[in-house]
Amino acid sequence: MSQATAYVDASNLSKSRQAVSQILETVAAGGCSSTGGAGKSSCGSSGGPDDMPAEIWEKVKNHPCYSEEAHHHYARMHVAVAPACNIQCNYCNRKYDCSNESRPGVVSQKLTPDQAVKKVLAVASEIPQMTVLGIAGPGDSLANPKKTFDTMRMLHEQAPDIKLCLSTNGLALPDQVDEIVKYNIDHVTITINMVDPAVGEKIYPWIFYNHKRYTGYEAAKILHERQMQGLEMLTARGVLTKINSVLIPGINDEHLIEVNREVKKRGAFLHNIMPLISEAEHGTVFGLTGQRGPTAQELKAVQDACAGGANLMRHCRQCRADAVGLLGEDRSEEFTLDKIDEMDVVYDLDKRRAYQEQVEAERQAQVAAKSEALAAQATHAGVDPDMKLLVAVATEGHGKVNQHFGHATEFQIFEVSRGEALFVGHRRVDLYCQGGYGEDEQLPSIVKAINDCHAVLVSKIGACPRDELKAAGIEPVDAYAHEFIEKAALSWFADYCDRVARGDIVHQARGDAHIRQGAFSGAAEKAA
Ligand code: CLF
Ligand code: SF4
């Protein structure tokens, strides 16, 4: 333990903290990085109702960030009501979104609480699977407490089925825990990049606390203490917490393993380790000083090294502070204030519930399909029984391989083996199909993004990209179109092992892949 971690006494937590810790043990046992049994799936809090107490399952089952399974089916939205911030991070430029919960990208419209509630009701009437409202900037939600809590209060009154979520850097958190509980905010994300101020002073040049500006080690020490205190207070009050950490190579990469340990000790429900985004054009300190982000394999290595600690989220899309839709898509352009004014908004709770019941049935079918596929796995002579491969998947949601190669703006990455098909991340790519035609110039960047994968599973693919992918050693596969992803990945894996065993192909390891800087934004895509 570093000197810094001794600042907070983690021993005086209430019974509810112990309850959350027990749940974490249970979830970790069947969740992320476990080879799992049939039906126990993937990363994040993806245990099912059998893995955790009913009240926790109720909180996570349709939260797309807190459950990896749920993110294939349920959507979230953010409202940009919180412009101010009380600290400075070296990966943030104030002109852009908060990098804690969003990529550096311009927020289209900052909203008042009244406008925000109007927007949420409009989205809820159009997208019945939108189940979570988050406040994630563009500054810090708790540095703007009035706007944040006014929005949450009104929404709780007018749309009681929508889960409330916020993200914060943690500096103001201990002072706001009572308000968080009062407004039924069940999910709080704290961005914690260090548990040692000596690391923290390389990330945070200053903080503004108690009407005073602090810099250097002292600033990082105060921030660290407040973050730990806030996390413990939330755990004690039964609020589910997720920790976001930005992986900054050479500064906190290995240190994040200690962060993972420390936040688990204090009852964090999930740990989301995200790659640094630091393009020079974003104008951040790290962007301007040439601090690079991690490669795909560097990110995975740190995440894998945290196995057994706090449960990991690997499906984060670093979304904008005004994102709307499934994770990985952005429908915010459909809900600008002028468009909302023209909409016929009907918030129909029964209709929303009926739709969500259908989603639930689909999700259970997905879990059952995976169980069947796992049960059908066999060993193959001459094939390493512990072999694990990555496959890229093109999907539009519903947990299925249902997207044309040319229409994908991201690929979901699954690690597949004889005993598991595990979501391990996603890769953003440039759209291959532009204006109805394949754009061959995009292919090298797509290959770079999924270069560590042995296959790409799609609903359809044209002859040109098919040949080029093959030439790069990535197998294009459209044989499992419209099947559930895990079942498709496991079926492909079994077929691959068959071919290796028969001597039709020779198994070869793949290389590393490139993480593209900047999130896909539907808005930006349309504007381009
Ligand atoms: Fe938003 Fe964050 Fe709530 Fe989710 S996002 S406030 S917990 S509703 Fe989710 Fe987006 Fe990653 Fe955030 S994918 S950036 S983790
Ligand atoms: Fe930027 Fe968010 Fe950091 Fe504030 S907390 S400086 S808004 S990244």
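Visitor: Where does H454 lie?

Guide: H454 is in the loop between helix 13 (443-449) and strand 17 (455-457). Helices (H or I, at least four residues) and strands (E, at least two) are DSSP runs, numbered from the N terminus. Before we go on: this is a predicted model, where local features need pLDDT of at least 70 and side-chain atom pairs count only at pLDDT 80 or more, while totals for chains, interfaces and linings use all residues. Residues are numbered from 1 along each chain as its sequence is written, chains are lettered from A and ligands numbered from 1 in the order in which they are written, and side-chain values use heavy atoms, with hydrogens and water left out.

Visitor: Thanks! Is H454 buried or exposed?

Guide: H454 counts as buried, because its relative accessibility is 9%. Buried means under 20% relative accessible area, exposed over 50%, and partly exposed in between (1.4 Å probe, protein chains only).

Visitor: Which residues does H454 touch?

Guide: Leaving out residues up to four places away in sequence, H454 touches L389, L390, G473, I474, E475, W492, Y496, H507, Q508, A509 and R510. Contact here means heavy atoms within 4.5 Å. Take L389: it is 65 residues from H454 in sequence, yet the two are 6.7 Å apart in space, C-alpha to C-alpha.

Visitor: What about the whole chain, how many helices and strands are there?

Guide: The protein chain has 16 helices and 18 strands. Of its 528 residues, 60% are buried. Among contacts with a separation of 6 or more, 74% join residues 24 or more positions apart.

Visitor: Let's look at helices together. How do helix 5 and helix 7 cross?

Guide: Their axes come within 8 Å and cross at roughly 20°. Axes are lines fitted to C-alpha atoms, for helices over the stretch in contact, and angles run from 0 to 180 degrees between N-to-C directions. That makes helix 5 roughly parallel to helix 7; angles under 35 degrees count as roughly parallel, over 145 as roughly antiparallel, 65 to 115 as roughly perpendicular and the rest as oblique.

Visitor: And which residues make that contact?

Guide: Helix 5 brings L173, P174, D175, V177 and I180, and helix 7 brings R226, Q229, G230, L231, M233 and L234. They divide into 7 nonpolar, 2 polar and 2 charged.

Visitor: What about helix 12 and helix 15, how do their axes cross?

Guide: The axes of helix 12 (residues 349-375) and helix 15 (residues 485-502) come within 7 Å and cross at roughly 15°. So helix 12 is roughly parallel to helix 15.

Visitor: Which residues meet there?

Guide: Q366, A369, K370, A373 and L374 of helix 12 meet E486, K487 and L490 of helix 15. This contact has 4 nonpolar, 1 polar and 3 charged residues.

Visitor: New topic: which residues of helix 4 are buried?

Guide: T148, F149, D150, T151, M152, M154 and L155 are buried in helix 4. Their cover includes helix 3 (113-126), strand 3 (130-135), strand 4 (163-168) and helix 5 (173-182).

Visitor: Last one: what is the phi of N184?

Guide: N184 has a positive phi of about 60°, although it is not a glycine. Most residues other than glycine have a negative phi. N184 sits in the loop between helix 5 and strand 5 (187-191).

Definitions and conventions
Ala, Val, Leu, Ile, Met, Phe, Trp, Tyr, Cys and Pro count as nonpolar, Asp, Glu, Lys and Arg as charged, and the others, Gly among them, as polar.
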